[in-house]
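Me: I have a structure open here and would like to talk through a few of its local features before I set anything up. Could you take it topic by topic with me?

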Amino acid sequence: MINIEFQEAVKQYLSKHGYSRLNLKAVLFDMDGVLFDSMKNHATAWNEAMKLYGMNLSREEAYMHEGRTGAATINIVSMRERHHEATEEEIKEIYATKSKLFNQLPTAEEMPGAWDLLQQVKACGLTPMVVTGSGQASLLDRLNQHFPGMFQHDLMVTAFDVKYGKPNPEPYLMALKKAGIQPNEAIVVENAPLGVQAGVSAGIFTVAVNTGPLPDEALLNEGANLLFPSMAAFNEHWKCFYQSVQ
């Protein structure tokens, strides 16, 4: 039954975009909430940082903004709370405060199933890539520490590589450009509505993993081609999924 579900999802994607097949060469992973169980820390840091500047961003709302650049998130809240955008200096200061608070929280663990899935992806001859809205300077070191040998610096897309963050498709289009591949030669793995929207808008087969508190519909309504309840579940079904696209 699962094989049929996978095959049908692929068939619908191919029909919509006019491709004859998914010719997989790369898997594009979001980072927070996909590779690391870090979204709860981000939500807490955003909530506390905004309070310090007289604004309100609830932990629940932070999940809905996941994937945006820090500047975009700050400006959305600033417009709502203060009726004007934040200045460049304010954005730098608020984001620095948020980053400081985030770094004071217990270090997020690897998402269960992420390492095993990455190993399966590599074993299939595919290239794993990270596409994140994060601008953390220590990003590559952290990825190499937890997922040694998996990611290449020149194939990463971070906040520094794009003008527009998710839900704009630019981050995923940039990933395709860096890898020198077409949309039907990759899949996106996302856990956030904005990230799913970005992957779908880029024309890439998008797999949602619901690792947070949002209802499944929040991801499916953005056009996710497949949904799994966790990274461990996607890892468990990877072989069946990969066979369905061959």
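This is a predicted model: local features need pLDDT of at least 70, side-chain atom pairs count only at pLDDT 80 or more; totals for chains, interfaces and linings use all residues.

Me: Changing topic to helix packing, how do α2 and α5 cross?

Reply: The axes of α2, residues 39–52, and α5, residues 88–104, come within 8 Å and cross at roughly 135°, so the two helices are oblique to each other. The handedness of the α2 and α5 crossing is right-handed.

Me: Which residues meet there, between α2 and α5?

Reply: On the α2 side the residues are N41, H42, A45, W46, E48, A49, M50 and L52, and they meet I94, Y95, T97, K98, L101 and F102 of α5.

Me: What about α6 and α11, at what angle do they pack?

Reply: Helix α6 (residues 114–123) packs against helix α11 (residues 231–244) at about 25°, with 8 Å between the axes, and this angle makes the pair roughly parallel. Their crossing is left-handed, and the residues that meet are A114, D116, L117, Q120 and V121 from α6 with M231, F234, N235, W238 and K239 from α11.

Me: Now the loops. Where is S38, and is it buried or exposed?

Reply: S38 sits in the loop between β1 (26–29) and α2, and it counts as buried because its relative accessible area is 0%. Its side chain makes a polar contact of 2.5 Å with the side chain of D32. Setting aside neighbours within four places in sequence, S38 is in contact with D32, G33, F102 and A108.

Me: And F36, where is that?

Reply: F36 is in the loop between β1 and α2, and with a relative accessible area of 0% it is buried. The C-alpha atoms of F36 and A108 are 6.3 Å apart, although 72 residues separate the two in sequence. Residues that F36 touches, beyond those up to four places away in sequence, include M31, A108, M111, R142, L143 and F147.

Me: Switching to N191, which side chain does it make a polar contact with?

Reply: The side chain of N191 is joined to that of E66 by a polar contact of 3.0 Å. N191 itself lies in the loop between β3 (186–190) and α9 (193–201), and because its relative accessibility is 5% it counts as buried. When neighbours within four places in sequence are left aside, the contacts of N191 include D30, D32, G33 and M39, and also V209, T211 and L219.

Me: Backbone geometry next: which peptide bond is cis?

Reply: The peptide bond from K166 to P167 is cis, with omega near 15°, and P167 is placed in the loop between α7 (139–146) and α8 (170–179).

Me: And what is the phi of H83?

Reply: H83 has a positive phi of about 65°, even though the residue is not a glycine. H83 is located in the loop between α4 (70–82) and α5, and it counts as exposed because its relative accessibility is 64%.

Me: Last one, how far apart in space are N23 and Y53?

Reply: From C-alpha to C-alpha, N23 and Y53 are 48 Å apart in space, while they are 30 residues apart in sequence. N23 belongs to the loop between α1 (2–17) and β1, where its relative accessibility of 26% makes it partly exposed. Not counting residues up to four places away in sequence, N23 touches N184 and E185.

Technical notes: Residues are numbered from 1 along each chain as its sequence is written. Side-chain values use heavy atoms; hydrogens and water are left out. Helices (H or I, at least four residues) and strands (E, at least two) are DSSP runs, numbered from the N terminus. Buried means under 20% relative accessible area, exposed over 50%, partly exposed in between (1.4 Å probe, protein chains only). A polar contact is a pair of N or O atoms within 3.5 Å; within protein, one must be able to donate a hydrogen and the other to accept it, and residues adjacent in sequence count only if both atoms are side-chain atoms. Contact means heavy atoms within 4.5 Å. Axes are lines fitted to C-alpha atoms, for helices over the stretch in contact, and angles run from 0 to 180 degrees between N-to-C directions. Angles under 35 degrees count as roughly parallel, over 145 as roughly antiparallel, 65 to 115 as roughly perpendicular and the rest as oblique. A crossing is left-handed if the near helix is turned anticlockwise from the far one by less than a right angle, and right-handed if clockwise.
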